Amino acid sequence: MYKIEVPKEEIVKRIETNLMTDFVKISAEDDPTQFCIMPRKFVDQDLERVKNMEIYEDDIWVVTYPKCGTTWAMEMIWMINNNLDYETSMTVNLEDRFPFMELIGIATGFPTDTFEYCKNKPRPRYIKSHLPVFLLPDQLWTVKPKIIYVARNPKDTAVSWYHHHKHMHGYQGSKEDYIQAFVKDLMMYSPMNEHITEFWKIRNEPNILFLFFEDMKRNLDQEVKKTMIFLDKNYSQDEIDKLCKHLSFESIKDNKMVNKEVEIQKLMEASGRDPASKEFSFVRKGQVGGYKKELSAEENEMLDEYVNCSGLEKAEFEYKF
Ligand code: A3P
């Protein structure tokens with residue numbers, strides 16, 4: 001069903017860390033254009049059990065390529081679907097309310113079996129995954145629970161992923177190596193273009209809502225309303241205004257239940273770094289176009305080529321900037 005290969009490119013070794021290591025390329029045997037770079041640990045322990053996972057129709061899934069606004073969308077969705085329960089949202093970590101299914105399969109030494117945790121959550125289960133369409137559970141496509149997909153432009157995504165890889169996974173290499181690996185589709189969860197276009201193709205299915213980070217940034221009120229309709233909920237304009245405030249960059253940055261402080265500590269411990277050093281805020285810049293201040297001319301050019309790849313045209317998909 002799958003072909004597993006070790007990528008030959010030397011750069012792959014340069015972007016590995018103690019925490020995220022031993023990258024392999026998983027391809028669908030019947031369609032080699034479908035592939036994904038993942039740590040071998042995921043293949044050994046998670047590939048099959050994720051594929052065969054039992055799905056319930058009242059599940060709520062958020063699926064994204066990493067760094068596309070997953071956490072922000074998760075808090076929005078959880079709040080909308082839980083009758084705007086601020087009390088729980090301000091006291092229970094988002095990672096517990098809306099766990100990351102395959103984290104155990106990608107992070108060496110991570111202490112919790114996140115797959116089992118998701119599987120056994122009381123219903124309705126809220127589940128986050130970064131897996132591409134072809135690696136997600138088979139029953140997602142037959143049981144058809146609600147799935148929200150969030151896309152973001154690759155330039156801001158790559159910069160955000162670089163900072164995440166550096167501070168959360170302990171990456172010590174250069175930004176240039178990192179961007180090269182990203183545009184060559186050799187970074188964990190690569191390729192981004194195919195990740196997005198495979199979901200774009202099924203965006204009109206009634207159980208799928210396709211959102212953009214850039215739309216959330218430019219008109220959160222509108223995206224909240226779209227999500228509300230998708231989840232069959234109805235709130236007054238005052239309630240929506242209050243929710244938008246709760247979801248604003250400033251508020252989320254200060255929100256310990258969303259800003260992943262506990263998770264960052266666990267990851268820092270797992271990678272042998274001092275968890276007391278507050279070197280990184282997960283909610284970092286939150287901008288559209290922030291890449292302009294961070295990429296060199298060469299890095300920007302490499303990403304231009306990536307953004308203009310012809311596969312996107314075939315899927316009639318355009319990134320937002
Ligand atoms: P930056 O690193 O560009 O700042 P994910 O949750 O998929 O890992 O995405 C993280 C990105 O979403 C980070 O981007 C983070 O700052 C941004 N983000 C999170 N909450 C946000 C908010 N309320 N407003 C704008 N951006 C937000």
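**Second largest pocket**

I began with helix H17, which gives the most to the lining of the second largest pocket, with three residues; helices (H or I, at least four residues) and strands (E, at least two) are DSSP runs numbered from the N terminus. The model is a predicted one, in which local features need pLDDT of at least 70 and side-chain atom pairs count only at pLDDT 80 or more, while totals for chains, interfaces and linings use all residues. Residues are numbered from 1 along each chain as its sequence is written, and side-chain values use heavy atoms, with hydrogens and water left out.

I noted about 230 Å³ of space in this second largest pocket, a volume being the space filled by probe spheres set on grid points that are joined across faces, edges and corners. Of its 13 lining residues, Glu 95, Asp 96, Phe 110, Thr 112 and Lys 266 are the closest to its centre. The elements that give two or more residues to this lining are helix H6 (94-97), helix H8 (114-119) and H17.

For the terms, I worked from a 1 Å grid over the protein atoms alone, where a cavity is a set of points at which a 1.4 Å probe fits but cannot get out, a pocket is an open set with protein on both sides within 12 Å along at least five of seven lines, and lining residues have an atom within 4 Å of a point.

**Largest pocket**

I then looked up the largest pocket, which holds about 670 Å³ of space and is lined by 44 residues, with Lys 67, Gly 69, Thr 71, Ser 160 and Phe 282 nearest its centre. Helix H10 (154-167) gives two or more residues to that lining, as do H4, helix H7 (103-106), helix H13 (213-218), H16 and helix H17 (261-270); the most, six residues, come from H10. I sorted the lining by class and found 22 nonpolar, twelve polar and ten charged residues, where Ala, Val, Leu, Ile, Met, Phe, Trp, Tyr, Cys and Pro count as nonpolar, Asp, Glu, Lys and Arg as charged, and the others, Gly among them, as polar.

**Ligand**

What takes up the space of the largest pocket? I found that it is the ligand, a molecule being placed in a pocket if more than half of its atoms lie within 2 Å of the grid points. Helix H4 (70-81) and helix H16 (249-253) each give two or more residues to the shell around the ligand, and H4 has the largest share, three residues.

Of the 18 residues around the ligand, I list Thr 70, Thr 71, Ser 160, Lys 285 and Gly 286 as coming nearest, with a heavy atom within 4 Å as the cut-off for being near. The shell has eight nonpolar, six polar and four charged residues.

I checked polar contacts, meaning pairs of N or O atoms within 3.5 Å (within protein, one must be able to donate a hydrogen and the other to accept it, and residues adjacent in sequence count only if both atoms are side-chain atoms). A polar side-chain atom of Thr 71 lies 2.4 Å from a ligand oxygen, a polar backbone atom of Gly 286 is 2.7 Å from a ligand oxygen, and a backbone N or O atom of Cys 68 lies 3.2 Å from a ligand oxygen.

**Cavity**

Last, I counted one cavity of 30 Å³ or more, and about 70 Å³ of space lies in the largest cavity. Phe 35, Pro 132, Phe 134, Glu 194 and His 195 are the closest to its centre among its 13 lining residues. Strand E3 (31-39) and helix H12 (192-201) each supply at least two residues of this lining, and the largest share, four residues, comes from E3.
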